[in-house]
Amino acid sequence: MSRVKKTRKFATVKRLIGQRDARLKKNQLINAAKDAKPQTDDVVREVPQVSASLFFQYNTALKPPYSVLIDTNFLSHTVQRKLDMLEAMMSCLYAECRPVITSCVMAELEKLGPKYRIALRIAKDERWERLECDHKGVYADDCIVDRVMKHKVYIVATNDRDLKRRVRKVPGVPIMSVARGKYVIERLPDAPEK
């Protein structure tokens, strides 16, 4: 006669009641206290203060010479497309431009290493205006968004999708990017459509 094989039962665990289970007495008391609170329909919403220079989403603080805040990947795309930055900006905006580079962007370019040495050399040019950052860290996207929220006198030059998405939420700030071998601008009033 052969023996019947007895298989082990795996994953047999004692069933325990979780700490947040509604059947526990302490959780019943907490839920009863929540229900006893009077429900108020008056919801207080905090609306961010809009700059006085905005008139129907048109930023009156933007006027030539334009200050253009430059991001790291904008510089790298400019190098890839072999564009002269100042000349391409002027042909895009039809006005005088002042490229502005923050210390966070410079730090990011230095971190990226030898692959981005040409972009770093372009960023170190004396013709561009420098802005010193007074915050912790060197994350350029946060720095640019923070600066644009405080002062709406900049055009943001970037090819980063996430940064573009964040800047679009700020009213009255145009975005410049590299596309099809030239610079293009969006959200600038009376910008020529080409």
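In the predicted model described here, Cys-97 of strand β4 is the bridge partner of Tyr-66. Residues are numbered from 1 along each chain as its sequence is written. Because the model is predicted, local features need pLDDT of at least 70 and side-chain atom pairs count only at pLDDT 80 or more, while totals for chains, interfaces and linings use all residues; side-chain values use heavy atoms, without hydrogens and water.

Strands (E, at least two residues) and helices (H or I, at least four) are DSSP runs numbered from the N terminus. Strand β3 (residues 66-70) is largely enclosed by the rest of the structure, because five of its five residues are buried (under 20% relative accessible area, 1.4 Å probe, protein chains only). Tyr-66, Val-68 and Ile-70 point one way from β3, and Ser-67 and Leu-69 point the other way.

Two strands pair if DSSP finds at least two bridges between them. Strand β3 runs parallel to β4 (residues 97-102), with four bridges, and four bridges also pair β3 in the parallel sense with β6 (residues 154-157). In β6, Ala-157 is the bridge partner of Ile-70. The open sheet has six strands in the order β5-β4-β3-β6-β7-β8, with mixed pairing. Strands β5 (129-131) and β8 (182-186) stand at the edges with a single partner strand each, so one side of each lacks a neighbour in the sheet.

Phe-74 touches residues including Met-89, Ala-157, Met-176 and Tyr-183, not counting residues up to four places away in sequence; contact means heavy atoms within 4.5 Å.

How values were computed. Buried < 20%, exposed > 50% of the residue type's maximum accessible area, 1.4 Å probe, protein only.
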